[in-house]
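Me: Could you go through this structure with me? I'd like to start with the aromatic rings and then move on to packing.
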Amino acid sequence: MDVTGQKYFTTIDFVLFVLLLVASMVIGLYYALSGGRQRTTQEFLLADRSMKCLPLSLSLMASFQSAVAIVGTPAEVYANGTQYWFIGCSYILGLLIPAHIFIPVFYRLHLNSAYQYLELRFCKTVRICGTVTFIFQMVIYMGVGVYTPALALNAVTGFHLWGAVLATGLICTVYTTLGGLKAVIWTDVFQTLVMFAGQLAVIIVGVQQVGGLSDFWRKIREGHRISSIDLNPDPTVRHTFWTLALGGVFLMLSLYGVNQAQVQRYLSSRTEKEAIMSCYMAFPCLQIALGLSCLMGLVMFACYGDNSTLNKQFFTSKDQMVLYFVMDMLQNFPGLPGLFVACLFSASLSTISSAFNSLATVTMEDLIKPHCTSMTEARATLLSKMLAFSYGLICLAMAYVFHLMNSSVLQAALSIFGMVGGPLLGLFCLGIFFPWANSTGAVTGLVAGLVMAFWVGIGGFVTQMPSSIIMHSQNCTDKVATENITMATVTAILTPVSDKPSKPVGLHGLYSLSYMWYSALNSSVVVLFGLIVSLLTGPMKEQDLTRGTVYPLVEKIHPFLQMLAKPKSCLGSSPEHRQIPIRRDQMNGVANTERNTEMEEERETFLPLSQISCLEQETAV
């Protein structure tokens with residue numbers, strides 16, 4: 001294998017990369033010139049609420065399967081083994097809970113933006129706070145999402161840095177502005193297929209280079225890269241079964257439960273049932289994406305081993321290792337390096353296009369429309385397109401800002417994105433599950449959650465600054481929280497590794513908390529502070545709640561609690577255990593009298609304001 005540093009593209013590689021961009025542009029133009037031609041905000045921002053579950057499920061997967069994940073997950077598996085694969089266990093609850101709790105609440109309220117819910121449940125101030133927090137999070141995310149893969153590609157192949165950044169950013173801006181959400185979703189479908197094809201090509205060729213499946217399996221077994229289940233309960237250990245399978249649930253909920261980019265896709269479906277099915281269908285898609293990324297990491301190790309060319313090369317971040325491996329292994333297969341780069345930038349296009357569209361939506365629906373009630377539909381649509389285009393230009397500006405910064409500041413920017421997801425999840429959970437939470441508690445809880453997130457996140461980052469980015473085969477305990485920008489987050493590429501064997505204590509222990517617990521910690525702080533302040537300032541009364549904004553969790557779990565409390569040896573019910581018919585109040589104070597008569601109708605339609613039974617008909621998780 002070639003041990004020289006930089007690899008170079010051939011003509012056919014450039015052609016494949018250009019074809020990806022052209023195909024994405026064509027899809028955008030098609031939806032700009034077909035159908036309703038994006039003349040209404042409903043079509044431009046919500047695809048006329050006409051999408052089916054299959055394209056939605058692929059788009060849900062692609063939206064946060066970022067380019068950082070494409071190159072980072074293999075690097076993680078190469079360095080530390082397959083322990084990271086157990087994050088796939090978190091996908092179960094991470095998709096079931098949104099399917100049966102968040103989607104019914106959002107869909108039946110007929111929202112355009114997830115943050116409209118916050119005004120219905122609390123007040124306009126809470127809505128604006130949530131919207132501004134989301135915009136801050138996504139603006140940082142856009143710049144990093146487009147700049148990071150271009151930087152890695154430039155370092156390994158000499159591919160022009162700003163050529164890649166401008167091509168990706170401008171093409172994405174144009175097709176998102178012209179084609180709206182329909183173009184974004186269908187380009188996601190196309191780009192998902194390209195992602196899978198690129199990864200499969202690398203895996204197949206790599207296994208052949210190793211000598212076949214038997215030699216591949218032998219080398220990864222001898223290299224101890226097939227990890228067993230690590231049941232260590234220590235929350236400072238970066239990757240264990242508990243941090244991945246349980247902590248990952250909160251990470252998934254912050255992305256697939258309340259993030260505007262995903263909620264917007266749920267709301268664009270034809271029916272509530274289609275939205276729920278898209279969540280179910282996203283599960284195998286996510287598992288396939290995770291499996292392919294892990295296989296790539298194992299193929300890298302089988303080809304190079306521990307003492308390899310990768311260790312001898314100078315890499316400023318581990319994402320460059322994957323690109324070096326691809327260029328090295330596929331150098332005798334013209335076109336395949338270009339296919340993988342197309343795969344890489346497909347992931348980048350899908351994530352930043354989702355960011356553009358969701359940012360245009362929340363800005364229009366949450367910040368402009370409430371103050372411009374007399375605006376015509378044509379003007380609102382034009383303004384929405386201008387917003388999408390403007391956010392595209394902001395994305396390029398942010399990429400340039402990150403270009404001027406050093407790698408440590410870039411890592412901090414990625415960490416900031418991850419810090420914001422947990423508090424937003426906590427804010428929505430506070431409103432949906434706790435009917436007595438009030439507006440004061442919501443704002444206080446959000447502020448407390450953000451303070452905790454930045455304190456622990458930045459504190460951990462600063463304490464780990466002296467560490468160098470090196471290869472390691474151990475599951476280290478001292479880690480900085482990097483980012484949760486994808487549910488298959490790249491944990492290795494920007495995570496310093498420490499060799500300290502001692503368990504951290506005090507504040508250092510808090511700073512060493514595994515990044516997988518960040519969403520859980522921060523969302524819990526929001527809920528805890530929100531409830532305490534709500535009780536101190538006077539809990540919200542049931543008659544003040546907007547109908548349909550609270551999920552009846554107590555009523556759902558009440559039968560299970562009764563079953564647990566029921567004596568096992570009793571042949572008959574004693575008076576103290578006999579069920580007495582009582583009137584149950586729903587979350588908005590309306591009696592629940594129609595549990596059976598309208599069950600099927602409620603599952604597939606919006607919740608009418610005149611409906612008495614609210615949300616209790618939804619299937620329990």
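This is a predicted model: local features need pLDDT of at least 70, side-chain atom pairs count only at pLDDT 80 or more; totals for chains, interfaces and linings use all residues.

Me: OK, how many aromatic pairs does the structure hold?
Reply: There are 18 aromatic pairs in the structure. One of them joins tyrosine 147 and tryptophan 162, whose rings lie 6.3 Å apart centre to centre with 40° between the planes, a tilted arrangement. This pair links distant parts of the chain, since tyrosine 147 belongs to helix α7 (residues 124–157) and tryptophan 162 to helix α8 (residues 161–210), 15 residues apart.

Me: Which pair is edge-to-face?
Reply: Tyrosine 304 and phenylalanine 325 form an edge-to-face pair, with 5.7 Å between the centres and 80° between the planes. Tyrosine 304 sits in helix α13 (residues 272–304) and phenylalanine 325 in helix α15 (residues 319–329), 21 residues apart, and this pair too links distant parts of the chain. Both tyrosine 304 and phenylalanine 325 are buried.

Me: Which rings are linked into a cluster?
Reply: Ring pairs connect Phe102, Phe106, Tyr115, Tyr117, Phe134, Phe428, Phe433 and Tyr551 into a cluster. Beyond its neighbours within four places in sequence, tyrosine 117 has contacts that include Phe106, Phe428, Ile432 and Thr549.

Me: Switching topic, where is aspartate 188 found, and what does it touch?
Reply: Aspartate 188 is in helix α8, and its relative accessible area is 0%, so it is buried. Not counting residues up to four places away in sequence, aspartate 188 touches Ser59, Ala62, Ser63, Arg265, Ser350, Ser353 and Ser354.

Me: Now the largest nonpolar core: which residues touch the most other members?
Reply: That core has 158 residues, and those touching the most other members are Phe102, Phe106, Tyr117, Phe325, Phe340 and Phe345. Helix α13 gives the most to this core, with 18 residues.

Me: Last one, how do α4 and α16 pack?
Reply: Helix α4 (residues 67–80) and helix α16 (residues 336–368) pack at an angle of about 125°, with 6 Å between their axes, and they are therefore oblique to each other. Ala67, Ile70 and Val71 of α4 meet Phe340, Cys343, Leu344, Ala347 and Ser348 of α16. By class, this contact has seven nonpolar, one polar and no charged residues.

How values were computed: Residues are numbered from 1 along each chain as its sequence is written. Side-chain values use heavy atoms; hydrogens and water are left out. Rings of Phe, Tyr and Trp (its six-membered ring) pair if their centres lie within 6.5 Å; planes under 30 degrees apart count as stacked, over 60 as edge-to-face and the rest as tilted. Helices (H or I, at least four residues) and strands (E, at least two) are DSSP runs, numbered from the N terminus. Buried means under 20% relative accessible area, exposed over 50%, partly exposed in between (1.4 Å probe, protein chains only). Contact means heavy atoms within 4.5 Å. A nonpolar core is a set of buried Ala, Val, Leu, Ile, Met, Phe, Trp, Tyr and Cys residues joined through side-chain atoms within 4.5 Å. Axes are lines fitted to C-alpha atoms, for helices over the stretch in contact, and angles run from 0 to 180 degrees between N-to-C directions. Angles under 35 degrees count as roughly parallel, over 145 as roughly antiparallel, 65 to 115 as roughly perpendicular and the rest as oblique. Ala, Val, Leu, Ile, Met, Phe, Trp, Tyr, Cys and Pro count as nonpolar, Asp, Glu, Lys and Arg as charged, and the others, Gly among them, as polar.
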